[in-house]
Amino acid sequence: MNKIMSGNEAIAYGAYLAGIKVGAGYPGTPSTEVMESFSRYPGVYAEWSPNEKVALEVAIGAAYAGGRALATMKHVGLNVAADPLFTVSYTGIKGALVIVDADDPSLHSSQNEQDNRHYAKAAKIAMLEPADSEEAKQFVKIAVEISETFDTPVILRSTTRLSHSRCIVKLEDEPAAVEIEPAAYERNAPKYVMVPAHARQRHPVVEERLKKLAEYAETTPVNYIEPGSGDLGIIASGVSYQYAKEVFPGATFLKLGMAYPMPEKLIRDLAGRVKQVVVVEELDPFIEEHVRLLGIPVKGKDVFPNIGEFSQGRVRRCAAAAGLIPGKIGAQPVQSQQLPVRPPMLCPGCAHRPIFYALQRLRAAVFGDIGCYTLGAAPPLAAMHTCLCMGASIGNVHGADRVKVKDRTVAVIGDSTFFHSGITPLINLIANGGNSTVIVLDNRITAMTGHQPHPGTGRTLMGKKVPDISIEALARAVGFNKVDVISPYDFKNVLETIKDHFQSREPSLIVSQYPCVLNIRERKPSPVVDQDACNECGNCLRIGCSPMAKVDGGVTIDPALCTGCGFCASVCGRGAIKARTNEGGGEH
Amino acid sequence: MKGVANIKRKYDFLFTGVGGQGTILASDIVSEVGMRCGYDVKKSEVHGMSQRGGAVESHVRWGEKVYSPLIEEGEADFLLAFEMLEAARWTQFVSAGTVALVNRHRILPPTVYLGQAKYPEEKEIEDILTGAGSKVVWIEGTARAVELGNPALAGVVLLGTLSKYFDEPLDVWENSLMNLVPEKFRDLNIKAFHAGREFQG
Ligand SMILES: Cc1ncc(C[n+]2csc(CCOP(=O)(O)OP(=O)(O)O)c2C)c(N)n1
């Protein structure tokens, strides 16, 4: 039996087949669906942790206790989890630990396009890199084997194009159910208590392990040579391999399923068979530098760019320009010119909108954060002025407030982001006598990545009811005296509350509370515009809501797109936007 | 165009639209049909930020053996555009022989509803596509979907029209569709699919 699966679904399926029983992750495009699909398999425990560091620590705990464990995150999430990563390399684990990392070349949904293969090298652990969904399934099983054989964490690296492409996967027999008797926890301080004296003993073990992994890389079935013509020898891994297969159909290939460590002998073997070695890899020259160190002449980043993801078209054009294949040099695909752009926008009815509109009216300098609400930076709202990494807003505003600027400053952060990494900088405001204002946009869900629960939701990934943690109570507990909870749709109160907080000399926090409109699917009748009363002031257009459109002599509201939140009516100074009367219809 | 399935070895389908319009489901259905007909199938889709009303595209490829999940420029056999402006945005994938099935439906992008840019006329969109060599078929997808009670069915109407270009038995399409939509919406989806088959391809 075959089934079409995304790379992420196949990773989850492979984890299930490999007997992984504990999974922890934090959502992040393109990794999110791994943990979501894993959670649906029978007999597993899966959780969304508040951030990637916690997720990795949970998975490490499970692996220390002898279990097979999975941690999932996007590339920048591994930065957050880097601290436990580098030292779990020293301790190793008792069970198995697979870390799924999903990179995002071309920044489809990210703040940078870092190449996380460097993490495997820096932490001195193995990394596997599948090239399609079928491999993704198999490689998780191999990762578990490597982890158990070599006592090492293993990173399984995906990229957006693998995670979010779908292809045919062979279904396999259900894994045999194993009854596990509770065993005593194995105490082994020299291995697991990383005080300097112990860690010094572990470092040589890590170096020794890396040598063994490099030997394993020579014989593992995931690295292999595909014989072909004697002209070009292509080295590729991950989805780049697929593009290269289309562009160099007759060439000799070294397909690397293991991105780190690399197989020296296999690379020399390939070089001995061909006139020219070519590395096709996205982002950094990671494989290329290794080949160069072996003293083998190689073409790589002199032919293919180190920015953005590849496609077979891009690889083909670069290869033709470098004379590696015949073809028109400099031929660029004809792209449609001068069409109106269509960037993502805050949804109609999004409760983040009134806050940004208010901040725009108050001309505040807004230190922002990452989530759907980052779309508040887009015109016409244009009311967010920084977005660095998750949780940065609160530290940023505190730092900016130590430099005298003329503007009113404020931090704006989403609720999932707040629980991810906003709490420590919030404590810092109190602990260092800061006086900044923080607004938390509390829609009780992680909206951007597709509505995952977080510590404020009151429900776990597996559907269990748990306490929903109150941001207001948390702020008061750490010493905030000035805390207000507001509804974004009571717009007069929004403006007054923010102004009041701006005037305050003490640190203060506003929680703007309203559920995500996509999540609750709330729909009220859309309002109608009284064109006679409209004086075309443009206020309602400045809220940046897609159902509103400028027409000759006024504005219209598209009832098919409008969710009826009524915010446009509250910014109209002329009362020209009115609730629809019953006969008016509208969608319910 | 009947009978093409036996002649050509590969099919590349490009789905374009606006985040939230259902291009992912429609492209899943076409992937499923391909697999059930014995093709190797790969598909690529967009998640994340763009799903909030941005321009989105999905690639589906059928072939004897498919390597890349992306279509190469100029190689699309079919363009299924869920929105008119998004039909014209991806012409680098279109060339002589591409059939463009375009849903006659406008969703205004921000620069247009703010009055800063003009939405192209239907004729301009058609000219852009025919200029790239494509044959353009206009489909009242959204209008028919609204008649059926749910504008979100527009994509399934397009799939109905698409199915007319293939010899593969109708029940492969119907079963793939039913396999991928929730049970309570199956009848409605089948109706929308057959509404699409009434359009002249
Ligand atoms: C370290 C890191 N992990 C994960 C992500 C992916 N990510 C971006 S925004 C976001 C969640 C935002 O949720 P929330 O703060 O509740 O805002 P909302 O989208 O609901 O408005 C996530 C998980 C990231 N960019 N960086």
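Good morning, everyone. One reminder before we start: the model is predicted. Let's go.

First, the layout of chain A. The domain assignment gives domain 1, residues 2-218, and domain 2, residues 223-321. It then gives domain 3, residues 353-520, and domain 4, residues 528-578. How far apart are the centres of domain 1 and domain 4 of chain A? The answer is 50 Å, taken over C-alpha atoms.

Now the ligand. There are 26 residues around the ligand. Which of them come nearest? They are Glu52(A), His352(A), Cys372(A), Asp415(A) and Thr417(A).

Start with Glu52(A). One of its polar side-chain atoms lies 2.6 Å from a nitrogen atom of the ligand. Next, Asp415(A). An N or O atom in the side chain of Asp415(A) is 2.6 Å from an oxygen atom of the ligand. Then Ala447(A), where the backbone takes part. A backbone N or O atom of Ala447(A) lies 2.9 Å from a ligand oxygen.

How much of the ligand does the protein cover? On its own, the ligand has 580 Å² of accessible area, and the protein covers 98% of that.

Which elements give two or more residues to the shell around the ligand? They are α4, residues 75-80, and α17, residues 415-421, both of chain A. The largest share comes from α17(A), with four residues. By domain, the shell draws at least three residues from domain 1 of chain A, and at least three from domain 3 of chain A. By class, it has 11 nonpolar, 12 polar and three charged residues.

Next stop, helix α15 of chain A. This helix covers residues 353-361. Why call it largely enclosed by the rest of the structure? Because seven of its nine residues are buried. Here is the list. Arg353(A), Pro354(A), Ile355(A) and Phe356(A) are buried, and so are Tyr357(A), Ala358(A) and Leu359(A). Just past the helix, look at Arg363(A). Its phi is positive, at about 55°.

Now a lysine, Lys137(A). It sits in helix α7 of chain A, residues 133-150. Is it buried or exposed? Lys137(A) is buried, because its relative accessible area is 0%, and under 20% counts as buried. What does its side chain reach? Glu172(A) is another partner: a polar contact of 2.6 Å joins its side chain to that of Lys137(A).

Phe86(A) is partly exposed, with a relative accessible area of 32%. Ile125(A) is 39 residues away from Phe86(A) in sequence. In space, the two are 9.1 Å apart, C-alpha to C-alpha.

One sheet in chain A, then we move on. Five strands form an open sheet, in the order β9-β11-β10-β13-β14, with mixed pairing. Which strands are at the edges? They are β9, residues 223-226, and β14, residues 298-299; each pairs on one side only. Strand β13(A), residues 276-280, runs parallel to β14(A), and two bridges join them. Across that pairing, Val277(A) stands opposite Val298(A).

Over to chain B. Begin with strand β1(B), residues 11-18. How many of its eight residues are buried? Eight of the eight are. In a regular strand, side chains alternate between the two faces of the sheet. For β1(B), both faces are covered. One side has Tyr11(B), Phe13(B), Phe15(B) and Gly17(B). The other has Asp12(B), Leu14(B), Thr16(B) and Val18(B).

What does β1(B) pair with? One partner is β3(B), residues 55-63, antiparallel over eight bridges. There, Leu14(B) has His59(B) as its bridge partner. Another is β4(B), residues 78-81, which runs parallel to β1(B) with four bridges. There, Phe15(B) has Leu80(B) as its bridge partner.

Strand β5(B), residues 99-103, pairs with β6(B) in the parallel sense, over five bridges. In that pair, Leu101(B) stands opposite Val137(B).

Definitions and conventions
Residues are numbered from 1 along each chain as its sequence is written. Chains are lettered from A and ligands numbered from 1 in the order in which they are written. This is a predicted model: local features need pLDDT of at least 70, side-chain atom pairs count only at pLDDT 80 or more; totals for chains, interfaces and linings use all residues. Side-chain values use heavy atoms; hydrogens and water are left out. A residue is near a molecule or strand if one of its heavy atoms lies within 4 Å of it. A polar contact is a pair of N or O atoms within 3.5 Å; within protein, one must be able to donate a hydrogen and the other to accept it, and residues adjacent in sequence count only if both atoms are side-chain atoms. Accessible areas come from the Shrake-Rupley method with a 1.4 Å probe; for residues, only the protein chains shown count as cover. Ala, Val, Leu, Ile, Met, Phe, Trp, Tyr, Cys and Pro count as nonpolar, Asp, Glu, Lys and Arg as charged, and the others, Gly among them, as polar. Domain bounds come from an automatic or database domain assignment. Two strands pair if DSSP finds at least two bridges between them. Buried means under 20% relative accessible area, exposed over 50%, partly exposed in between (1.4 Å probe, protein chains only).
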